[in-house]
Structure formats: C-alpha cells, structure tokens
Amino acid sequence: MTVPETPELAHRPDVVVGRSAARQTPVRSTYRLQLRPDALTFADARAIAEYLQQLGISHLYLSPILTAARGSTHGYDVTDPTTVSAALGGPLGLKALSDEVRTRGMGLIVDLVPNHVGVADPRQNPWWWDVLRNGRESAFARFFDIDWSPGNGAGGRLTLPVLANENDPAALTVDRTGPEPMLALHDLRFPIAPGTDGDNPLRIHDRQHYRLVSWKAGVCTYRRFFAVSTLAALRQEDREVFDITHRELAAWCEHDLIDGVRVDHPDGLSDPAEYLARLRQLIGPNRLLLVEKILANREPLDPTLPVDGTTGYDALAWIGGVLIDPKGEQALTELSRRFAGHGSDRAWIGETEHRIKRAVAESILVPELRRLVAAIKRDAAAESFDTLALTNAVIEVLAFMPVYRADYTPLAGMTGAVIAEVERRNSELSAPLKVLVAALAVGAEAATRFEQVCGAMTAKAVEDTMFYRAARLVSLQEVGGNPARFGHSVNEFHLANIERVRRWPAGMTTLSTHDTKRGEDVRARIGVLSQVAGTWAKSVESWLEQTPPPDGATALMLLQNMFGVWPADGRPASSVPGLRERLHMYATKAIREAGLRTSWEDPDTEFETAVHVWLDAVIDGAVGAQLSDLTHDLAQHAWSDSLAQKLLQLCGPGIPDVYQGCELWEDSLVDPDNRRPVDFPARTGMLQSLTGTPALDTTGAAKMWVVAYSLWLRRERPECFVGGSYLPVYATGEQSERVVGFARGRVGEPPEVVVLVTRHSVGLADTGWGDTAVDLPRGAWTDRLTGHTFQGRTRIEQIFARLPVALLVR
C-alpha cells in the first residue's frame, strides 16, 4: 500500500450536507480515543495524529477530557467540570492537540458528561465536599439532586452509602493531620462541619449534614447514575448549573478548538430536549451534536431534537444483524433450552425483562422508587394514599415500558397505552394507577422522576442483567440490540439505511465502543455460529459431557465468548499472554451481572470458584484443543464477516467511527477489557508497509486495507457519503442471498461507488458462487481493494476472487 501524498491527505470539501450547515472542518469520519493519564494523553494523541491522518480519519473523537478522579481510565467520573484534566495535559495540551490536527485538515469531537460527577473520594470533588461540610446552606447544594426532606429515611440528612457492614462505624476516627480535621473511614475522608468537632468520632458523625450508611441498606438521598452511588447526578435544568458546567465547552467553541460534541447519557437528565436545545445554542448551528441515545426496538430518534443523530448503536444492530443466518435459529434455540432451561427467544425475553425490571426496582433502585412515589403522592395531592399499593403499581408500569423514557415526541401516547395494559392485566391496580395518572398530569417533579427511573430500570435490567442471562447467540446481546430478533433480512437492512440517509445523514455509526459487550471482530466471529448451528450444538453437547460445568447456562454463554476470542492460528489459548486472566475477569463480571447464582452485592464464592476451575479445565484440556480446531476451521468465515460489517459501516449512511485499534483484528470483551492500551507504533508500521492485496490471516492487514481505502474514498468523494444518495444493489442467481450491496453517489447524479460484501459464507464451501452475478451501473468500475476492473453483468466469483468484499468506484 502506498500512503497518499500530503495534498490528498489535506483534502477538505467545503460543505457537508446534514442537519447542520457547513463546518470549518467537515466531519467525514471519526476515530475514538480512550484517553487515560497512564497511556494516552493529549501529547500521545498528538504523536499519533499523523498516523490517523494517513489512515484517512477526519476527526479525533476524544473520551471525556475534564478533570476526573485520579487514575481514572475512562474519564466519566468527572470531579471538576470547570477544568480540563491536568493529568491528560491540561488546557495547553488540549490547545496543542487542536492546533496539531487543524494543521492536518482534521478536527476534534469531545465527549461531554452532563448527567453526573464522581464523588467516590469526596476530597477530589470540591462541590461535593462543600455540600457535605455545609449541608443545605452550601452554595452548591442545589447543583445536586438531593432529597433534604425530613421523611427521606435519614432524618433530612444526606446519606452516603459507603459502609461495608454494620461494624464499620466503629472504624471511624478523626484525621487531624491536615489544616482542618476530617472524619476518617479506612481510606475515605469526610469534612467536619464548623462547630461540630471536639467529641468522639461517632458523636461527631451524628452532628454532620450527612450520614454514613451501609451500601446494602437501600437508602440514598441523592440521585445517582443508575445505581452507582459514586456518581452523583447534576441538576442541568438549573441554568446556573448548566452555565458553570459548560463554561469550558463554551471556551472551546469560542476559540474554535472543537468541531462537535457527543453527549453522554442524555436520558438521565430532567428534560433532555430542553438541555439539548440549550447545548445547540451554546455550540452553534454548525458543530456536530450527537447523543448517546439507546433506541429500543422500532423506536425512532425524536426528529424535533436539535441533534445530528445518535452515537450509532442502532446502526450496529442493523449491520451485524444482516450477517446473521436465520437458518441457525432453531438449533441454537433448542441448545439454549437444553442447557439454559429456556430458549432465549422472544417469549422468554419478554417475560424475563418484566421480571428482572421488577427485581431491580425492588432492590438496587429502592431509593429512586421511594423518592418517585413520594413525588407522585405530593403532585397528586394524595399524601394519605397507601404507599405500598402505589409503589407496586408504579413498578408494574415501569416494568412494562418498552423504552428508556417515553417523553420524546414520537412516543406520545405510549405511557397511556402501557398504563391501560397494566390495568387490563391487574384490575386491582386501578386505584393507584389513577393516582399515578393524576401526578403525571401535573407535569412536575413526579413526571420528571418517572422518566428518569424508567431509564435506569431499563439499563440495569436489560443490558446489565438480561444480556448476561440469554445464551442463544450472545452476539445479538449488544447495547441497543434486540436478542429476540434473530438477524435481519437484506431488504430490512436497506430500508433502515434509506431511513438513515433521509433523516439522519450525519448521525454516527459504530461497531465498537467503550460500552459494547464485546468488540466487533469477536461479535462477528460469534455470529458465524448461526451458520454452523448444528455443528456448534453437537460440539457444545460433547464438551459439556467431557468437562461438566457448574451451571449449563453459564457454560453456554462463556463458551461462545471464548470462541470469539480464541486464537485463530491453532495455538492453545494457554500460550497467549494474558488471555487466561482476561477470560477469568470476564467470567467474574458476566456471572455477577447475570445475578442468578452470584452477584456483586452478594458474591457466592463457592459457585464462582467452581466456574473458574471449570474455565481452567476447558482452557487446558481436550475441550480447549477441540475449540482451537473449530476456531481455526471457521477463521476465514469470521474474517469475512468482520470485513463485511466494516465495509458496510465505513461506506454506509452516516459518519463512521473507528474505535481505537479496530483497524486491525481485535479480541476485546466488555469493559475494562476494551479499554486496554493500543499498540499504535505497530499499526503505523503496518500502514506504511502494506503492499498488494493482503490475505485473510491473523495479522489483520486485510482489515486495515479495507479501513484505509474506504476512508480515503470518503475523503476523495465526500459528497457521495454524508448527504449522498443510497441505492440497494441486488445480485442474481442461485447464491444471490449471500450478497449485500449498495451504491452511493451525489444526490441527483449516477452512482459513483458500489459496495458488495459476502454474507453466510460457510455454505459457499460446498456450493461455490455458481451463476451468481451482479449488474453494475453503466460505466467501468475499479475495485479499490484489488485494482481489478469490471463492467456490466459480472460474476460474483470474479469480484470476490481476492477478498470477500469489494469497493467498486466508477
């Protein structure tokens, strides 16, 4: 591969057609960087800017850059929203990075965290420290969503769920080593209010504005991020809070350091639509504005929001889904029934989601439910109504809500429909439902908290629990995914893309993020099991007979993930540095998130030990050897699907994001595994050394080849992509359903780009492509990946002679 010369690298079209007008540096593609003080600072990002420029990236997409908890490897635990992280390089480092990419015709997108701040160590968060010290009189008290009412379960005090057990208070001491005394609990420190010192630690504690309680007590008087007590929610509805927490962002925009913003978890805010309107006003009409909005099955993104689109989980589901073979559904469903006790199918998922949502509401979200019910009673003027009955009715309604929150414009009427269905099922809930409706009608605190709790319940129940219990095909269990749906047809895929072109042409698309349950190539390989469902089922039956697990469902889920990351070159997994430890870490997280036999709150050490013993037995025994053989046999098909989904994303509608390191094969599992440092020098060297069309092998050169040529083409012909046209391209012949294709071009003009990829490649080993062909639009078409030229009706076996994908350009 010859890297283009600088003039081409600096190509910058004047206009990007999208929901926003022209931008100074039009966003054609992004590259997600997980900044961290120990591995990837602003200076480190500057050092790889040239490589990313050569790769064809137009914008660096940065994880949160405001001051976060010391040592944070993700940045979402912001402790000071008014300063750029000194650990990453501070404001001068950010300016230098912006200047560096600007000189290369590139730009920056930043990740904004408006919903919450980190409070794990109160000393690191000056606002939180001041609230603990001064209580309701603190100048920052209203910055946080705190219940100070006498009936809050803590006598009107702010509760901090930090105690590990009932004996912990005995460990309280007074730390007098600093300029002012502090209450000390192990490594934690808490302020002492003026005039409350001079006694033993327990009595001093009793005089504070806060109260330390057990994290198992179900008492928390401040709104949290989901059920994470170390992340305290902010009240962005307060204009002063908005202004001060967005002061740095305003400065970045004023000095033209950034070209766009990604908003983390807007569903947690009091009023997402109002917040986004303020944000759009602040950043101006021309900067990209993306929201981390997780859309439910068939839920549209609200077109009235002043945003350019989502961060791409919806696109991920469609791109991965079109490569799933529906013929494997029955065998994998039966396998799940045998070893998990259920089919992981639509009926089970519907019933299980409802049951888990109720369990979540009655356990980790008890503080949020208690506060919501109290607000309902106040807003409905029903203070004397039975709290237990009302709580049960509210939980039931929330458990049946099919979306994160229902107050977006396209979902008007959904809450009423759900309440009607709950009443139909449970007529005895009629009275408390009337109280709920009366409170929602007021449109005040209860209505707001109802939506916020709804999102928290959905996230904790579905993504963080059910997606670790379903075991039919775990590649379907992804953020924004619908595991009840076993793949998507080609026609559905095209219609989804057409919708994206028309409504959200500048929305982001993605295959991997810091939040995905597994990396894109792991997901693609697991998806291949849908093509060999019978073989996989027989293998699993044999393996579990050879090495019996402590739990069938756990084994079925773990085996798929192990297959996804197993070495493809025939080496035993035990010989791959760090793989065993990574698999054990994943297993611990997976079984605790599932919450069936163990949990984070109440770990069952005996069960967990049995799982880890079984895992080692698989890795080191005959099952591991057989898993190696199967992985090696299917490697070509896994790589084929990986290239297919990558090309569909990079050349499809929207702005594609490449997650750090994913220009080569990657084997990441869930966080923190997917935030491991990336070897950029190795990638730089590979990009510079690639020549000829690389083969599908373990190096990942073929993937980098596809990524680079796709991004170069986007830079060369930007009008064909963001804001361009989209037309389905269908193959003909006996294997036509194994081809997915589309054409891109400038609006109103003939197509200039045709993308073709292979799907369901396993069956081709027996049949070949036969008479399958594609009718190319008029003109001569050169495959940028191979250099071969075609025109008119062309046999697919000729197009895919070197690679299972093609990037044809007129």
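**Exercise 1.** In this predicted model, H20 passes H24 in a left-handed crossing. Find how the two helices, H20 and H24, are oriented and which residues meet.

*Solution.*
Step 1. Locate the helices: H20 covers residues 533–546 and H24 covers residues 622–651.
Step 2. Read the geometry. The axes lie 10 Å apart, and the packing angle is about 165 degrees.
Step 3. Apply the cut-off: angles over 145 degrees count as roughly antiparallel. Therefore H20 is roughly antiparallel to H24.
Step 4. List the contact. From H20 come Thr535, Trp536, Ser539, Ser542, Trp543 and Gln546, which meet Ala622, Val623, Gln626, Leu627 and Leu630 of H24.
Step 5. Sort these residues by class: six are nonpolar, five polar and none charged.

**Exercise 2.** Work out how H11 is oriented against H20, and classify the residues in their contact.

*Solution.*
Step 1. H11 spans residues 329–340; its axis comes within 9 Å of that of H20, and the two cross at roughly 20 degrees.
Step 2. Angles under 35 degrees count as roughly parallel, so H11 is roughly parallel to H20.
Step 3. The crossing of H11 and H20 is left-handed.
Step 4. H11 contributes Ala331, Leu332, Leu335, Arg338 and Phe339, while the residues from H20 include Trp536, Val540 and Glu541.
Step 5. By class, this contact holds nine nonpolar, one polar and two charged residues.

**Exercise 3.** Describe the largest nonpolar core.

*Solution.*
Step 1. The core has 96 residues, and Leu279 is among those with the most contacts inside it.
Step 2. Helix H26, residues 701–716, supplies the largest share, 11 residues.
Step 3. Beyond its sequence neighbours within four places, Leu279 is in contact with residues including Leu112, Phe242 and Val261.

Technical notes. Residues numbered from 1 in each chain as written. Predicted model: local features only at pLDDT ≥ 70, side-chain atom pairs only at ≥ 80, totals over all residues. Heavy atoms only, no water. Core = buried A, V, L, I, M, F, W, Y, C linked by side-chain atoms within 4.5 Å. Buried < 20%, exposed > 50% of the residue type's maximum accessible area, 1.4 Å probe, protein only. Helix = DSSP H or I, 4+ residues; strand = E, 2+ residues; numbered from the N terminus. Contact = heavy atoms within 4.5 Å. Axes fitted to C-alpha atoms, helices over the stretch in contact; angles between N-to-C directions. Parallel < 35°, antiparallel > 145°, perpendicular 65-115°, else oblique. Left-handed = near helix turned anticlockwise from the far one by under 90°. Nonpolar A, V, L, I, M, F, W, Y, C, P; charged D, E, K, R; others polar.
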